[in-house]
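Here is a short report on one helix and a handful of charged pairs. Look over the sequence and the structure before reading on.

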Amino acid sequence: MSDSLDDWGGAEFALAADRLDTPDVIEGADPGDMLRQVASSAAQVRTALRSCLEADLSAFTPDARPRAIVVAGLGGASLAGDLLGAVTGPSSPVQVVATQAERLPGWVGAADVVLAVSGSGTTPETLAVATEAARRGCRLVGVGAADSALQRIAEQARAPFIPFVVGGLPGALLPRSMLWGLAIPLLVIAERLGVARIGTEVYEQAASRLEEVSHQCRPASESFVNPGKSLALDLVGALPMVWGTSALSGVAARRFAAQLSDNAKYPAMVGLLPDALHNQIAAFDGPFAPVANPAPGPAGEPLPPPETALEGPGLAGPGELDGLPGLSDLSDLSDWSLDYDDSQGPVSGFTPLRLVLIVDPDQDPRVAAQQRAVSALVGQRGIGLSELAMDGEHPLVRLAGVVQLTDYASVYLAIASGIDPSQTAAITDLQARIE
């Protein structure tokens, strides 16, 4: 395979698929054991539950329900807060707010609970928020690495601290792989406060779903029966747009986009229906859409030509740009060709859009209709589509299945592209410049 992903032809794609179906290649291309880190998710759930049992959470009861739960964290820790908000849902009697700032919102006070989350236990912004929460008299809980600065702040505030532990080794994973170990304590606290209904059985169902997907996506499983590898191959050389159809699947979409960046070093656009239909869908008419010609108007009529479309109040009409510097004479453009012919399909080096729809069965009926319309539209425009269906009665179980699948896909996409999924060179370089 060439060193560049600029031209994913048939040969390059075949070689990418061959990488994913050769166990020795997978092992050699994953020196940081990212696949094993993803596979630790079920163990994270069960270990986090045991850690919660060992912590003193007696102050968190339905009788002591707060005005709001504020989750402070960055990166994967921030997503743990989003996960809590999505699982509790819009009908929650307590507002759940995730903050990535280094200061608490001004309204937060003694009537609120602040959950400070940091996998390393050293994130400066999270430490600042934890300190401020203690000073304001908030009920504070710390979640993160044992023997860390965050634990010391919690102890000084006489607040509970729940350590992140997998296999008895605190902090053994990269932060991006700690989602479940950080999120479960938040759910347990919310349940103790009467804000969420989960229960021991649902936690075990979520852990079992994580194990089930891990088995389906194991490295030894060939790509044609491995959903993680298949999704990765869908995305090689493409520009992903990841849309959710509910608040719950929106969290999964944000997680997938983050993992695509962290692991595969791929940029991705994240959207949520119906909001994405008001802005992001315009990209279907842009340079990354395989079919350049716009679709007909609502009545089957072609869209107006550009010069007509630009006329109207506040817009320049024909001739109105005369006299403006640099625009009065277009003779300098005589050597330019402003026409193009897409009849031969995408040119070499073309990077196509690929839409990934994460579909929640509990989505609003109107959103379901919008989802069907979008699926038809991308087919008309020649845009690739991958639909991931969430499955399970409880939101936590539905989220566990699709997050585990996309976590695997992001690592396999890195391997297929010849990229070390665990490398963090850009992050390290940036931190050196900041420090």
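## The model and helix 9

This is a predicted model. Helix 9 runs over residues 200–216 and has 17 residues. From its first C-alpha to its last, helix 9 reaches 25 Å, close to the 24 Å expected at 1.5 Å a residue.

Which residues of helix 9 are buried? They are V202, Y203, A206, A207, R209, L210, V213 and S214. An α-helix has 3.6 residues a turn, so residues three or four places apart point the same way.

The other side of helix 9 has exposed residues: T200, E201 and H215.

What covers the buried residues of helix 9? The cover includes helix 3 (34–39), helix 4 (41–54), helix 8 (179–192) and helix 14 (395–416).

R209 is one of the buried residues of helix 9. Its relative accessible area is 17%. Buried means under 20%, so R209 counts as buried.

The side chain of R209 meets that of D391 in a salt bridge, at 3.8 Å from N to O. R209 lies in helix 9, while D391 lies in the loop between strand 11 (384–389) and helix 14. The pair therefore ties together parts that are 182 residues apart in sequence.

## Other salt bridges

The count of salt bridges comes to 14. Among them is the pair of R103 and E132, 3.5 Å from N to O. This pair links distant parts of the chain, 29 residues apart. R103 sits in the loop between strand 2 (95–99) and strand 3 (113–118), and E132 sits in helix 6 (residues 124–136).

E132 counts as buried, because its relative accessibility is 4%.

R36 and D33 also meet through their side chains in a salt bridge, 2.7 Å from N to O. R36 is exposed at 55% relative accessibility. D33 is partly exposed, with a relative accessible area of 32%.

## A network

Which residues are linked in a network of salt bridges? They are R46, E204 and E211.

How values were computed: Residues numbered from 1 in each chain as written. Predicted model: local features only at pLDDT ≥ 70, side-chain atom pairs only at ≥ 80, totals over all residues. Heavy atoms only, no water. Helix = DSSP H or I, 4+ residues; strand = E, 2+ residues; numbered from the N terminus. Expected span 1.5 Å × (residues − 1). Buried < 20%, exposed > 50% of the residue type's maximum accessible area, 1.4 Å probe, protein only. Contact = heavy atoms within 4.5 Å. Salt bridge = Lys/Arg side-chain N within 4 Å of Asp/Glu carboxyl O.
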